Amino acid sequence: MQFRNDGCGIDNITRNAFTAYLKLRIERKRRDILAKRARRELHEIGTDFDTFDVSGPEECDPAKICGSDPVTWHNDRLVRAFAALDERERYILTARVLDERGFDEIGGVLGMTYKGTASAYYRVIGKLRDMMKE
Amino acid sequence: MDFRDLLHAAQCGDRIACAQMLKLYAPLLEREAKVDGVLDQELYSELCEETLRAILQFKSPEVTEQ
């Protein structure tokens with residue numbers, strides 16, 4: 001078991017000085033990291049899309065969908081709009097935006113052509129935009 | 001090896017000395033790396049890095065022993 005030293009002697013003085021210096025740096029670093037995380041979490045939206053309800057926008061509660069305190073979700077319009085999309089539209093959007101996959105690859109999975117997938121993608125974007133304006 | 005020698009060795013790049021310093025301050029780092037009572041590994045790693053930086057940047061006080 002370590003005991004605090006008596007502060008006498010050059011070794012103890014150096015140790016105490018370093019410990020005080022380190023404590024200050026650690027506390028500041030911790031504060032900065034946690035503050036940065038909190039700022040990032042304000043703008044992030046969860047990607048657990050399986051929990052989204054497709055029954056309609058009026059029945060979509062962002063807290064229920066995203067499984068967290070509704071106060072933390074500042075863009076609930078986007079959450080509702082996203083929940084109103086059908087499964088195919090959601091897949092196209094997430095595959096393109098989050099996974100950064102090409103239209104030909106997405107089309108290959110859905111059995112669509114490149115042009116068809118691209119058109120569907122831009123239709124989904126327009127649909128989301130219109131729903132968020134409401 | 002006393003603390004001053006250990007610190008000096010760590011500042012000179014002795015990896016074993018650095019590891020010993022981290023071990024010495026592990027309880028402080030573990031305490032500060034807890035979030036809501038749970039140890040956050042990512043935060044702990046960041047604090048270990050900060051400790052190593054502090055070791056390199058710390059200047060020992062010039063004291064004449066009485």
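A salt bridge is a side-chain nitrogen of Lys or Arg within 4 Å of a carboxyl oxygen of Asp or Glu. The views below come from a predicted model.

**View 1. B:Arg53 and B:Glu50 form a salt bridge within one helix.** Their side chains meet at 2.5 Å, N to O. Both residues lie in helix 4 of chain B, 3 residues apart, about one turn of the helix. B:Arg53 is partly exposed, with a relative accessible area of 30%. B:Glu50 is buried, at 8%.

**View 2. A:Arg25 reaches B:Glu50 in a salt bridge.** The N to O distance is 2.9 Å. A:Arg25 lies in helix 1 of chain A and B:Glu50 in helix 4 (residues 41-57) of chain B, so the pair joins two chains. A:Arg25 counts as buried, at 15% relative accessibility. A network of salt bridges links A:Arg25, B:Glu49, B:Glu50 and B:Arg53. Over all chains, the structure has 8 salt bridges.

**View 3. A:Arg101 and A:Glu105 pair in chain A.** Their salt bridge has an N to O distance of 4.0 Å. A:Arg101 is partly exposed, at 22% relative accessible area. A:Glu105 is partly exposed too, at 43%.

**View 4. A:Phe18 touches residues of chain B.** A:Phe18 sits in helix 1 (residues 10-43) of chain A. Its relative accessibility is 0%, so A:Phe18 counts as buried. Its contacts include B:Phe3, B:Leu7, B:Met21, B:Tyr25 and B:Phe58.

View 5. B:Cys12 is exposed, with a relative accessible area of 59%. The structure holds 0 disulfides over all chains.

Note on methods: Residues numbered from 1 in each chain as written. Chains lettered and ligands numbered in written order. Predicted model: local features only at pLDDT ≥ 70, side-chain atom pairs only at ≥ 80, totals over all residues. Heavy atoms only, no water. Helix = DSSP H or I, 4+ residues; strand = E, 2+ residues; numbered from the N terminus. Buried < 20%, exposed > 50% of the residue type's maximum accessible area, 1.4 Å probe, protein only. Contact = heavy atoms within 4.5 Å. Disulfide = S-S within 2.5 Å. Lists of a residue's contacts leave out its neighbours within four places in sequence.
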